[in-house]
Amino acid sequence: MRYTLFPLIFFQLMLVFPTTCQAEKYELGQGWDIDKYHLSGYANIEVVDRFGAPAKLEVDDLSLFANGRVNRWVNPFLEVELSKQTLIRQGGGRVNGDIIIERFYNDTELSENDIFRVGKILSPLGDWNLMHAAPLIPIITRPYTTARGFGAYSSGISWIHNVGESVISDFQLYWQPDEEWFRRPKSLAPRSFRNLFGGHVNMPLSLIDKVGASFQSGQLVETGETFNLFGFNADKSFGRLKLESELIMAHFSGMVLPGAATRFHDRESGIFWLADYSFTPKFHGILEWERYQDHTMIMPSRSTLLAFAYRPSIPVVWKLEYIHQAGESASFSTIKTGWKAALAVMF
Amino acid sequence: MRTLLLILGFSWVVLLQAEELLVIASPQVPSATISTKQLVDIYSSKRIHWENDIKVVPVNRESTSSEREKFSEAVFNLSPQALGEYWNRQKFQGKRPPVIQYSDQAVVNFVRSIPGSIGYINAKQSPAGVKVLLRLP
């Protein structure tokens, strides 16, 4: 009980904590312009109290990203982050975080509407994968649908085309000829992928609302299986209510390597729905539901999440959430019943 | 009574003018006018070059300014909060957000000196050395 109250106390503290600590001529969230380069980043600190596991306070993400607009040929982007650094853990002990190169690429402007990108990118699959920075997303726990079933990163080449005045505003194709560059540790990314090829089309409904469709094919390194995946994402606002959903369906085939996880199903699928209601511009209530059937698990995982978010200014958000997980849970599960609270700041 | 009405009327005109914005651009920008649709494309990072191939450099006021609030509503029909969140998302995707300047005079100075730049100021100002592309009511 003592530790169950930990996230609640943290959430209370956030409400009285000063939200701005700004130097003159600097606004939190705007980053820094240094000649042709722009430096920015975000931090996300979490209190996690899952049932049956030690409570902990950790730096979930400390991310720095820089981009440059040098000329038509050279427009680099780099994102480096410190991930999962435990600060305090119930019963003692700590886990040191990992320094990760999340993205590292260069853009060449082929024309006003065409960009050729070389390097490590976030795979454009759904919306969440491209926007997963904690200050930009409404909840703390990332749904499986947005990450588990596909290569979330692609290392290779990519072509982005802006269609202009059309139903489809832009599309992106990408190809990863081998494996992920600067591979993330197994604790963060239990699956790795090779020979990825995919694409995404984006259909805006307004500046903020959108519908998108994606596909990806490739090979799962750990099992040797090949897969083909289709995805769909939608965001739509109705006044104070914003609805968001993503769906993926993947088909796995080929022999499973000896010693690898058993394939119980040829298909892996997931869907989540999220409703975000803004009581005031600063205070939001959020309800999320997900069903995810992993192809290496007999039964699906089902989860329901209730959250509150307080955004005192654009780059700062405090979150408190309770998630209930039912169905099958595996060693890789990141969604477990319990409480979480977080402070996310973009700087 | 007539004098009082004239004073009230004049005050109202001044008040209305004070709420208007001027969209200004550097002298190197080839356009003489601009539409709100073109402003949306520029301020949402969809348009990155002018017709003469000069890079577009959009300039914003700070998030708490009344000019930015007015611009967000007049051009995007969004609150500064919603637009700020949009730009944060763009920034995370590697797109550079508009440059921030902290006063009308600073916007004028920036736009005058940086080729391809475009910004907005209160219509009470009489900017020199820049092009006025649009008056936003």
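Two residues are in contact here when heavy atoms of theirs lie within 4.5 Å. Keep that in mind as you look around this predicted model.

**Stop 1: chain B as a whole**

Select chain B and colour it by secondary structure. Chain B has 137 residues, and 50% of them count as buried.

**Stop 2: Ser26 of chain B**

Next, select Ser26(B), which sits in the loop between strand S1 (21–25) and helix H2 (36–43) of chain B. Is Ser26(B) buried or exposed? Its relative accessible area is 0%, so Ser26(B) is buried. To see what surrounds this residue, show Val111(B), Ile114(B), Pro115(B), Gly116(B), Ser117(B) and Lys131(B); Ser26(B) touches each of these, leaving aside residues up to four places away in sequence. Zoom in on Gly116(B): its backbone nitrogen is 2.9 Å from a polar atom of the Ser26(B) side chain.

**Stop 3: helix H3 of chain B**

Move along to residues 66–76 of chain B, which make up helix H3. Show the side chains of Glu67(B), Arg68(B), Phe71(B), Ser72(B), Val75(B) and Phe76(B), the buried residues of this helix. Why do they lie on the same side of H3(B)? They span an arc of only 130° around the axis, and that places them together on one side. Just past the end of H3(B), click on Asn77(B), where phi is positive, at about 55°.

**Stop 4: where chain B meets chain A**

Bring chain A back into view. At this interface 30 residues of chain B are in contact with 42 residues of chain A. The two chains bury about 3,100 Å² between them, with 52% of that on carbon and sulfur atoms. Which three residues supply more than any others of the area that chain B buries against chain A? Select Arg89(B), Phe92(B) and Arg96(B), which together provide 29% of it.

Three salt bridges are found across the interface of chain B and chain A, along with 12 residue pairs in polar contact. Helix H4 (residues 80–92) of chain B gives the most to the side of chain B that touches chain A, contributing 11 residues.

**Stop 5: strands S4, S5 and S6 of chain A**

Now switch to chain A and select residues 76–89 (strand S4) and 98–111 (strand S5), which pair in the antiparallel sense over eight bridges. To follow one of the pairings, click on Phe77(A) and then on Tyr105(A), its bridge partner in S5(A). S5(A) also runs antiparallel to strand S6 (residues 114–122), joined by seven bridges. Here Thr108(A) has Phe116(A) as its bridge partner. Two residues lie between S5(A) and S6(A), which form a hairpin.

**Stop 6: strands S14, S15 and S16 of chain A**

Finish at residues 283–293 (strand S14) and 301–313 (strand S15) of chain A, antiparallel strands joined by 10 bridges. Glu290(A) has Ser303(A) as its bridge partner in S15(A). On to strand S16 (residues 316–327), which is antiparallel to S15(A) and linked to it by 11 bridges. One of the pairs to click on is Ser301(A) with Gly327(A). Look for the two residues through which a hairpin joins S15(A) to S16(A).

Key. Residues are numbered from 1 along each chain as its sequence is written. Chains are lettered from A and ligands numbered from 1 in the order in which they are written. This is a predicted model: local features need pLDDT of at least 70, side-chain atom pairs count only at pLDDT 80 or more; totals for chains, interfaces and linings use all residues. Side-chain values use heavy atoms; hydrogens and water are left out. Two strands pair if DSSP finds at least two bridges between them. Helices (H or I, at least four residues) and strands (E, at least two) are DSSP runs, numbered from the N terminus. Buried means under 20% relative accessible area, exposed over 50%, partly exposed in between (1.4 Å probe, protein chains only). The arc is that of the directions from the helix axis to the C-beta atoms. Buried area is the accessible area (1.4 Å probe) that two parts lose on being put together, summed over both. A salt bridge is a side-chain nitrogen of Lys or Arg within 4 Å of a carboxyl oxygen of Asp or Glu. A polar contact is a pair of N or O atoms within 3.5 Å; within protein, one must be able to donate a hydrogen and the other to accept it, and residues adjacent in sequence count only if both atoms are side-chain atoms.
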